[in-house]
Amino acid sequence: TGYNISSLTVWGYVTVAQGGSCTKLRIYCWTYYSTTTAKLALYSGLSLISGATGSVSITGTGWFEATLGTPATVSAGTYEVAAVVNSGAAQIGGHADTGVTAYQQSEDSAAFPPATLVTNYSTTANQSWGLGMWVQ
């Protein structure tokens, strides 16, 4: 199922099994309405990792990858990936995931990326966003 994320920041947890260098973040577009830019950022402990941001043009449905401005060295563990797109331009991939919580917060595209993520703005239980990271 796709979810229209309007123009607010969405984020979720991503678990990395093996450490390395994160060079790209991924976003899944479920329903495409018009070309838009998705901005993505990588966080650790809800704090932005310096330079770990990128953007990608959404031109259809499927997975899109944003190359990070500065690759981030990561260890095995859990990180947060956040994204924002222009209002109404696309629906990112969200799907039912028992025990998983999807998060949303107030920053729009102009204010992205927020320095820290919050867990108390808006949440959806048992759902995850189509967000991921590439570690090599």
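Here are some questions and answers about the predicted model shown above.

Q: How many helices and strands does the secondary structure of the protein come to?
A: This is a predicted model, in which local features need pLDDT of at least 70 and side-chain atom pairs count only at pLDDT 80 or more, while totals for chains, interfaces and linings use all residues. Residues are numbered from 1 along each chain as its sequence is written, and side-chain values use heavy atoms, with hydrogens and water left out. Helices (H or I, at least four residues) and strands (E, at least two) are DSSP runs, numbered from the N terminus. From the N terminus on, the elements run β-β-β-β-β-β-β-β-β-β, and the totals are zero helices and 10 strands.

Q: What percentage of the residues of the protein count as buried?
A: Buried means under 20% relative accessible area, exposed means over 50%, and partly exposed is in between, using a 1.4 Å probe and protein chains only. The protein has 136 residues. Of these, the buried ones make up 43%.

Q: What percentage of the contacts between residues at least 6 apart in sequence join residues at least 24 apart?
A: A contact here means heavy atoms within 4.5 Å. Taking the contacts in the protein between residues at least 6 apart in sequence, the share that joins residues at least 24 apart is 80%.

Q: Which kind of aromatic pair do Tyr-13 and Tyr-103 form?
A: A pair of aromatic rings is described by the distance of the centres and the angle of the planes. Rings of Phe, Tyr and Trp (its six-membered ring) pair if their centres lie within 6.5 Å; planes under 30 degrees apart count as stacked, over 60 as edge-to-face and the rest as tilted. The structure holds four aromatic pairs. In the pair of Tyr-13 and Tyr-103, the centres are 5.8 Å apart and the planes stand at 90°, so the pair is edge-to-face.

Q: Where in the chain do Tyr-13 and Tyr-103 lie?
A: This pair links distant parts of the chain, 90 residues apart. Tyr-13 is partly exposed at 43% relative accessible area, whereas Tyr-103 is buried at 11%. Ring pairs also bring in Trp-11, forming a cluster with Tyr-13 and Tyr-103. As for their places, Tyr-13 is in strand 2 (residues 9-16) and Tyr-103 is in strand 8 (residues 90-105).

Q: Which residue has its charged end over the ring of Trp-63?
A: A charge sits over a ring if NZ of Lys or CZ of Arg is within 6 Å of the ring centre and within 35 degrees of the ring normal. Trp-63 is partly exposed, with a relative accessibility of 42%. The charged end over its ring is 4.4 Å from the centre and belongs to Arg-26.

Q: Which residues are in contact with Thr-116, leaving aside its neighbours within four places in sequence?
A: Thr-116 is in the loop between strand 8 and strand 9 (122-129). The C-alpha atoms of Thr-116 and Tyr-43 are separated by 8.0 Å, although these residues are 73 apart along the chain. With those neighbours left aside, the contacts of Thr-116 are Tyr-43, Leu-46, Ser-47 and Gln-105.

Q: What value is phi of Leu-46 near?
A: Leu-46 lies in the loop between strand 4 (36-44) and strand 5 (47-58). Its phi is positive, in a residue other than glycine, and is near 70°.
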